[in-house]
Amino acid sequence: MTTLPIVEKPTFVEEDPLDLMDEIDALRKEKNAAILAHFYTDGEIQDIADFTGDSLKLARDAASITNPIIVFSGVHFMGESAKILSPEKTVLVPDLLAGCSLADSCNPHDLKAMQDQLRAEGRDIVTVAYINTTAATKSLCDWIVTSGNAREIIDRVPKDKEILFVPDQHLGRYLQEVTGRKMILWPGSCMVHEMFSKQDLIRAKKNNPESIIMAHPECPQNILEICDFIGGTEKMRQYVVSLKEPQRFLVATEVAMIHALKKIAPQHEYIPVPGIFADTGETCACNRCPHMARNTLQKIRDCLRDGKPEIEWKPYFADAKDVLERSLLK
Ligand code: SF4
C-alpha cells in the first residue's frame with residue numbers, strides 16, 4: 001500500500017487592520033498614488049480612500065487627479081473606465097476577479113448580434129448603456145448613462161430614434177417611466193438589487209411605520225413601487241443630508257452604502273432591507289455584493305506594494321473612450 005504524503009493545510013494569517021492602514025498610507029505617499037473607493041466597498045476601505053463615490057464621480061475623479069498611480073477599489077469595469085479616461089496613468093485594482101453580474105449579463109457579441117438584427121429589420125436604433133458594462137460593450141454603444149445623468153442623456157436622443165437600453169432592465173423600465181420614452185430593454189439585472197424581497201420590505205415597514213423607504217433604481221419594479229425615495233448612491237446621500245430632523249430609513253441597496261450614509265448624515269438611523277433568494281425563498285440578512293467584497297485592505301496594500309494587478313490598455317478602449325468622454329465629461 002502506498003502512503004500518501006501529508007499535505008499541511010495553508011494557514012491564513014489575518015493582519016491587523018491598523019497596521020495595514022499604516023502600510024497603505026506609507027506606500028501611497030512613497031508612490032504618489034491615489035486610492036479611489038466605491039460606496040459599496042467595506043467601510044474601512046472607504047475611510048482610507050482619497051476619493052469615495054459612485055461610478056460616475058469616481059470616473060470623473062480619475063480623469064481629474066494628477067497622481068500617476070490610481071488604486072481603484074471597486075469592480076473591474078470601474079477600473080477600466082478609469083484607465084480609459086486616463087490612459088497615461090497606471091490603474092491598479094486590488095482583485096482582477098472583482099466582476100459585476102450586471103456587466104456580465106450583456107457581452108459584446110450578443111449585443112452586436114442584437115444591434116445587427118434590429119438594423120436588419122429596418123429599425124433606427126441608438127444604444128444607451130448604463131455605466132455598469134464592460135469596456136468592450138461600451139465600445140459598441142452611443143451613450144453611457146449613470147443613474148445620476150440618465151434623464152439628461154436620454155433627452156438628448158432624437159425622438160425619431162428607438163432606444164436600445166442595456167444592460168439593466170429594471171433601471172431601463174424606471175427610466176421609461178420618468179422620461180416617457182419607450183425603450184427596447186436588455187434582460188440584464190444586478191444580483192444584489194434583484195434579491196430584495198417585497199414581502200420582507202412590507203413587514204419591515206409595518207414594524208417601522210414612520211420610516212422612509214429608500215431604494216436604488218436597479219431594484220425590480222415591485223420594490224420601486226412601494227418606495228418613498230428612488231435614487232442612485234449620490235442622490236441618496238444628497239437626500240439624507242437635506243433632512244435635518246432625525247429619520248429612520250429602510251435602505252434597499254448594497255449594505256455597505258449605509259457606511260457612507262452614516263458618515264454624511266449621522267443624525268438618522270439606517271436599516272438594511274433584507275434580501276431573498278428567488279430559487280429557494282430563503283432570506284439573506286446581508287445584501288452584500290460578492291464582487292465588491294473581494295476588495296480588502298490586504299489586497300490594496302499588496303497591489304500598491306507590487307504594482308499589480310494592473311488594467312492594461314486594450315485596442316477597443318479607444319472607441320469606449322469616445323463614448324465615455326462624450327457622455328460623462330462634456
Ligand atoms: S452591486 Fe450589482 S451592479 Fe454593483 S457591482 Fe455588484 S453585481 Fe454589479
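Trainee: How many Å separate the centres of domain 1 and domain 3?
Mentor: The C-alpha centres of domain 1 and domain 3 are 27 Å apart. Keep in mind that this is a predicted model.

Trainee: Where do the domains run?
Mentor: Domain 1 takes 17-98 + 293-313. Domain 2 is 103-189, and domain 3 is 193-288.

Trainee: How many residues of domain 1 and domain 3 are in contact?
Mentor: On the domain 1 side, 10 residues, which meet 9 residues of domain 3. The domain 1 side has 3 nonpolar, 4 polar and 3 charged residues.

Trainee: OK, the core. Which residues touch the most other members of the largest nonpolar core?
Mentor: L36, I70, V71 and A252. That core has 91 residues.

Trainee: What is V71 in contact with, leaving aside neighbours within four places in sequence?
Mentor: A33, I35, L92, I300, C303 and L304.

Trainee: Which residues of strand 1 point which way?
Mentor: A33, I35 and A37 point one way. A34, L36 and H38 point the other way, and all are buried.

Trainee: What does strand 1 pair with?
Mentor: Strand 3, residues 69-73, is joined to strand 1 by 5 bridges, and the two run parallel. Strand 2, residues 51-53, also pairs with strand 1 in the parallel sense, over 3 bridges.

Trainee: Which residues stand opposite A37?
Mentor: In strand 3, the bridge partner of A37 is S73. In strand 2, A37 faces T52. To get from strand 1 to strand 2, the chain goes through helix 2, residues 43-48, in a right-handed β-α-β crossover.

Trainee: Now just upstream. Where is N32?
Mentor: N32 is in the loop between helix 1 (17-31) and strand 1. N32 is not a glycine, yet its phi is positive, about 55°.

Trainee: Is N32 buried or exposed, and why?
Mentor: Exposed, because N32 has 10 C-beta neighbours inside 10 Å, and the cut-off for exposed is 12 or fewer.

Trainee: Back to those V71 contacts. Which residues of helix 14 are buried?
Mentor: L297, I300, R301, C303 and L304. I300, C303 and L304 are among the V71 contacts.

Trainee: What do the buried residues of helix 14 pack against?
Mentor: Helix 1, strand 1, helix 2, strand 3 and strand 4 (90-92). Just after helix 14, G307 has a positive phi of about 70°.

Trainee: Which strands does strand 11 pair with?
Mentor: Strand 9 (residues 212-215) pairs with strand 11 in the parallel sense over 4 bridges. There, I213 has L250 as its bridge partner. Strand 12 (residues 269-272) also runs parallel to strand 11, joined by 4 bridges. In that pairing, F249 partners Y270.

Trainee: What lies between strand 11 and strand 12 in their β-α-β unit?
Mentor: Helix 13, residues 257-264, and the unit is right-handed.

Trainee: Last one. Where is T134?
Mentor: T134 is in the loop between strand 5 (125-130) and helix 7 (135-138).

Trainee: Is T134 buried or exposed, and why?
Mentor: Buried, because T134 has 21 C-beta neighbours inside 10 Å, and buried takes 20 or more.

Trainee: What does T134 touch, beyond residues up to four places away in sequence?
Mentor: F77, E80 and A103. Also, T134 and L102 are 32 residues apart in sequence and 9.6 Å apart in space, C-alpha to C-alpha.

Key. Residues numbered from 1 in each chain as written. Predicted model: local features only at pLDDT ≥ 70, side-chain atom pairs only at ≥ 80, totals over all residues. Domains from an automatic or database assignment. Contact = placed C-beta atoms within 7 Å. Nonpolar A, V, L, I, M, F, W, Y, C, P; charged D, E, K, R; others polar. Core = buried A, V, L, I, M, F, W, Y, C linked by C-beta atoms within 7 Å. Pairing = 2+ DSSP bridges. Right-handed = clockwise from strand over helix to strand, strands pointing away.
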